[in-house]
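Please find below some notes on the model, arranged as numbered points.

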Amino acid sequence: MNTTKLSTMISSYSSTVKTTSRYSSLPFLSPSSSSRNSIPVKQSLSFPPSSLSTQTRNLTVITASKSHDSNMAPSFQGRESFFRSVFANMEKVYLDRNPTAKAVLDHVRSADDNQICYDHIAFRTFGVNGYGIDSIAMFRILMADSGVSGPLPRVFISELLVDQMSPQTQPIYCILESVAFNIQEIIKKYTEASGSGNKHAALASALGSLTWGKPLHSEFQQLARESEYAAWTLVNGYAVNHVTISTHRLKSHLKNIKSLNEFIEENGFRLNSEGGVLKVSPDGLLLQSSTVADSISFKFSDGVTESVPCSYIEFAERLVLPQYKNLPEKEVQEFHRRDGFEVGNADKIFESTSKEQLTRRAA
């Protein structure tokens, strides 16, 4: 069985506590192997967060409140321009590598005739040698500290708990020799060889580069047998794992996620079927779905070229909270809607990059 042990952090920043600016209005801009697996995790932040707890994992939410001053100093404007440029480049790499995501966005825009808003953007990391959640989270925290808290999406970051993976040693068959490595050693080999690459996680994402060298094909295969999450991260690094369209902010009938799912499938795109196409939170207020990931040709360090899973696009509809159900629709704002994330949904959504879903897509 493909087992993955993960820790997750979700950060959400807004210009004020009760505004819609936590969602991206820009035109560009959790985690597991399988919901069948048990996923022990840890809490990942050192300052007081609010937590959404489940039996198998804690999801940590950070909210930073900053006022927005229309009379911004030039230094602030410079910082904002820099951070937004980084996010724009992350998104460009994402769209260049994932034609399904680009095509879906184009179809939705043409049908809705409206600018798309993003609910969140997601990354995967290795929780070892400083390459885990903090490596990419620091960039988002710096954005908040710098006053850049306008219309940017939530950030969903997961990490693989490497030290809790199988210590079992199995042979890795190379061209010239057979070498015994365990799963932990393979991951640590590349993160250690990267040096201080974890300090440049955001830059690597924006450039579409790995912070470590290209792996051996045999090592990729070995990781994939133990954890598809690990194998994905080894070849994709800090690349955007997925972005999520905020469906309820669309203006047409597509604001209903069931209608959007039908629209996506009618246009020839396959949706992740794990646990059903529509993933619903226990309270019924968070509805999510996603496409199956694209694949990309990857040349390994030993010269082998193979198709590997890349990224996908997700859709999320956040329904109005019960205490606001009588509000006229035109008065409903984002803070009236269900916030946060749901572990059960995230487990199934992350199956979008699994071999099972990709095989189904190719069928």
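1. Phe-83 counts as buried, at 7% relative accessibility, where buried means under 20% relative accessible area, exposed over 50% and partly exposed in between, with a 1.4 Å probe and protein chains only. Phe-82, by contrast, counts as partly exposed at 48% relative accessibility. The model is a predicted one, in which local features need pLDDT of at least 70 and side-chain atom pairs count only at pLDDT 80 or more, while totals for chains, interfaces and linings use all residues. Residues are numbered from 1 along each chain as its sequence is written, and side-chain values use heavy atoms, with hydrogens and water left out.

2. Rings of Phe, Tyr and Trp (its six-membered ring) are taken to pair if their centres lie within 6.5 Å, with planes under 30 degrees apart counted as stacked, over 60 as edge-to-face and the rest as tilted. By this rule there are seven aromatic pairs. One of them joins Phe-82 and Phe-83, whose ring centres are 5.4 Å apart and whose planes stand at 65°, so the pair is edge-to-face.

3. For Phe-220 and Phe-300 the ring centres are 5.3 Å apart and the planes are at 45°, so this pair is tilted. Because Phe-220 lies in helix H6 and Phe-300 in the loop between strand S11 (295–299) and strand S12 (305–309), the pair ties together parts that are 80 residues apart in sequence; helices (H or I, at least four residues) and strands (E, at least two) are DSSP runs, numbered from the N terminus. Phe-220 is buried at 7% relative accessibility, and Phe-300 is buried at 3%.

4. His-217 also belongs to helix H6, which covers residues 217–226, and is buried with a relative accessible area of 11%. Apart from neighbours within four places in sequence, His-217 is in contact (heavy atoms within 4.5 Å) with Phe-300, Asp-302, Val-304 and Glu-306.

5. Elsewhere, ring pairs link Phe-126, Tyr-131 and Trp-212 into a cluster.

6. Which residues does Ser-252 touch, leaving aside its neighbours within four places in sequence? Ser-252, found in the loop between strand S8 (242–246) and helix H8 (257–266), is in contact with Ala-111 and Asp-112. Its C-alpha atom is separated by 9.7 Å from that of Val-108, 144 residues apart along the chain. Ser-252 counts as buried, at 18% relative accessibility.
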